[in-house]
Amino acid sequence: MIRCISCGAEYDDDEIIYTCECGSILEVVTEVDNIPKETFDNRRDNIWKYKEFLPVNAENRISLDEGGTPFCKCDKIGEELGIELFVKVEGSNPTGSFKDRGMSVGTTKAVDLGVNMVGCASTGNTSASLSAYAARAGLKCAVLLPAGKVALGKLAQAMFHGAKVFGVDGNFDDALETITELALNGELYLLNSINPYRLEGQKTIGMEVVHDLGWKSPDRIVLPVGNAGNISAIWKGITEFQDAGYIKDTPMMTGIQAVNSAPIANAVKAGTDEVTPVENPETIATAIRIGAPVSSVKAMRAIKESNGTADTVTDDEILDAQKYLARTEGIGVEPASAASIAGLRKLVENGEIDQGERVVCIVTGHVLKDPNVAIEACEEPTQVASDPNEIRKVLQTM
Ligand code: AN7
C-alpha cells in the first residue's frame with residue numbers, strides 16, 4: 001500500500017501514481033511480520049538481505065548486487081576532530097553511487113507493473129544508474145539532463161548503457177518538471193525519487209549502518225542533500241528497524257547543502273518548516289545543484305523527528321574536504337559527497353557536534369564520476385625521460 005504523508009490517503013500497490021490528490025507526496029507502507037534480526041546475518045550482503053522490508057517480490061528482482069557497501073572507520077580524521085568517525089562508501093555500488101539501491105527496487109517495480117519505458121530527470125547519477133538497470137530489465141529508457149551541467153563520468157554511463165539522453169535547456173528542476181509531465185500523461189514510468197519505490201531501496205543505507213554497528217544507532221548520520229530523497233529514505237529505514245525492535249535509539253539526521261543550493265538548510269536555519277525554493281541553484285557539486293527538492297517535506301520531518309540539523313558549505317570547503325578525505329583516508333568521492341565531510345568539519349568547529357560523538361558520514365558517489373574536478377584539483381604529472389636518475393632527483397625532494 002502507498003500512503004500520502006500529509007493527508008493519509010491510501011492507494012493500491014498497482015496504481016501508477018506519484019503524488020497524492022491533495023498535492024503532497026507519497027510513501028510506501030511497509031508491512032513486516034515479526035522477524036528476528038538474526039535472520040539477516042547470514043545472507044549475501046546486498047540490499048536484498050532485507051527483502052522482507054522491500055515492497056516488491058525479491059524473486060523477480062532486477063539486481064546488480066547493489067548495497068553492502070564498505071563501512072570504513074576513519075581514525076585519522078576522527079582523532080583530528082575529536083569524534084568517532086565511520087564513512088559509508090556508496091561509490092562502491094555497481095554504477096558508483098547510492099542510486100543503485102533505489103533503481104534496483106524501482107526497476108523491479110516497473111517490470112512488475114508491466115511498463116515498457118522508464119525515465120528520469122537527473123543531475124547525473126540517477127541517469128547513470130537508471131540507464132544500467134533499465135538495460136538489465138530490458139526496458140526502454142529516457143533521461144533528461146541539464147545541458148552542460150552533468151559531470152563527465154555520469155554522462156558517459158547514461159549514454160553507454162543505452163538510454164536516450166536529452167540535454168535540456170534549463171536546470172534540474174526544469175528537467176524534472178518536464179519529465180513529470182510525460183509521466184503523468186502515461187508516456188513513461190518516472191523513476192525520480194518522487195517515486196516512493198526508489199526510496200524503499202535507499203532506506204537500506206540506514207539499515208546497513210545500524211546492522212554494521214552491531215544493531216546500534218550512531219549518534220549522528222551526516223549526508224549531502226539535493227532533492228532530499230536520500231535523507232528521507234535513510235530515516236525511514238532507521239525508524240522501521242526501531243519499530244521492529246532491532247535498535248533502541250536513532251541518529252540525528254544531519255543534511256549538508258551547497259551554500260547557493262540550500263533551500264532546506266536555509267529553512268532549518270530560519271527555524272521554519274516552509275522550504276522556499278532557490279531560483280538559480282549553483283555549485284561545483286553539480287549532483288546537488290537543485291533548488292526545489294521534491295522530498296523537502298519528508299526531509300524536514302526526518303530532521304525534526306531525529307533532533308537533527310542542516311547546514312551549508314561553500315564550494316571551496318567542498319573541494320578541500322574532497323582532497324582531505326582522499327589523501328588522509330584513501331577514500332575518493334565526488335564533490336557532492338565531500339559536502340558531508342565539509343559539513344562535519346564545520347559542525348565540529350562551531351560546536352554543533354559534540355566531542356566524542358559517533359558519527360557516520362554517507363559519501364554518496366565515486367571520485368571518478370567527476371574526473372574534471374579531480375584533475376583540476378591536482379598538479380599535472382611531472383614529465384620526465386624514462387630514466388631512474390631523473391626520477392630519483394624528484395623523489396629526493398618529497
Ligand atoms: C553523489 O542524480 O539528484 O538528496 O539526479 O548524485 O537524495 O537528491 C543526485 C543526487 C547526493 C543528493 N550525492 O541526494 C540525480 C540526483 C550524490 C548525488 C545527492 C545526489 P538526494
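Me: Why is K76 called exposed in this structure?

Reply: In this predicted model, K76 has a relative accessibility of 52%, and since the word exposed is kept for values over 50%, K76 counts as exposed. The residue belongs to helix α1, which covers residues 75-81.

Me: What makes T328 and E329 contacts of K76?

Reply: A contact requires heavy atoms within 4.5 Å, and K76 touches both T328 and E329 when residues up to four places away in sequence are left out of the count. A separation of another kind can be given for K76 and L223, which lie 147 residues apart along the chain and have C-alpha atoms separated by 20 Å.

Me: How do you know that K73 and D75 form a salt bridge?

Reply: The test is a side-chain nitrogen of Lys or Arg within 4 Å of a carboxyl oxygen of Asp or Glu, and the side chains of K73 and D75 meet at 2.8 Å, N to O, so the pair passes that test.

Me: What makes D65 and R44 a salt bridge, and why is the pair said to tie parts together?

Reply: The N to O distance is 2.5 Å, which lies within the 4 Å cut-off. D65 and R44 are both in the loop between β3, residues 26-28, and β4, but they are 21 residues apart in sequence, so their pairing ties those parts together. R44 is exposed, with a relative accessible area of 60%, whereas D65, at 32%, counts as partly exposed. In the whole structure, a search finds 22 salt bridges.

Me: Are E208 and K88, which also form a salt bridge, called buried or exposed?

Reply: Buried is the word for values under 20%, and E208 at 2% relative accessibility and K88 at 0% therefore both count as buried. Their closest N and O atoms are 2.7 Å apart, and because E208 lies in helix α7 (residues 204-212) while K88 lies in strand β5 (residues 84-89), the pair ties together parts that are 120 residues apart in sequence. Through salt bridges that share partners, K88, E90, R101 and E208 are joined into one network.

Me: Why are β4 and β12 called edge strands of the six-stranded sheet?

Reply: The sheet is open, its pairing is mixed, and its strands follow the order β4-β5-β13-β10-β11-β12. β4 (71-73) and β12 (309-313) each have a single partner strand, so one side of each is left without a neighbour in the sheet. From one strand to the next, the twist averages 25°.

Me: How do you know that β10 and β11 pair within that sheet?

Reply: Two strands pair if at least two bridges are found between them, and five bridges join β10 (residues 220-224) to β11 (residues 252-258), with the two strands running parallel.

Me: What covers the buried residues of helix α9?

Reply: In α9, residues 263-270, the buried residues are P263, I264, A265 and A267, and their cover includes β11, α10 (296-305) and β12. After the helix comes G271, which has a positive phi, near 70°.

Me: What makes β7 a mostly covered strand, and which strands share its sheet?

Reply: Six of the seven residues of β7 (residues 140-146) are buried, that is, they fall under 20% relative accessible area. The strand belongs to an open sheet of four in the order β8-β7-β6-β9, with parallel pairing, in which β8 (164-168) and β9 (189-190) are the edge strands, pairing on one side only. Helix α5, residues 172-184, packs on this sheet, touches β6, β7, β8 and β9, and points in a direction about 155° from that of β6. β6 (residues 117-121) is joined to β7 by five bridges; V118 stands opposite C141, and C120 opposite V143.

Notes:
Residues numbered from 1 in each chain as written. Predicted model: local features only at pLDDT ≥ 70, side-chain atom pairs only at ≥ 80, totals over all residues. Heavy atoms only, no water. Axes fitted to C-alpha atoms, helices over the stretch in contact; angles between N-to-C directions. Buried < 20%, exposed > 50% of the residue type's maximum accessible area, 1.4 Å probe, protein only.
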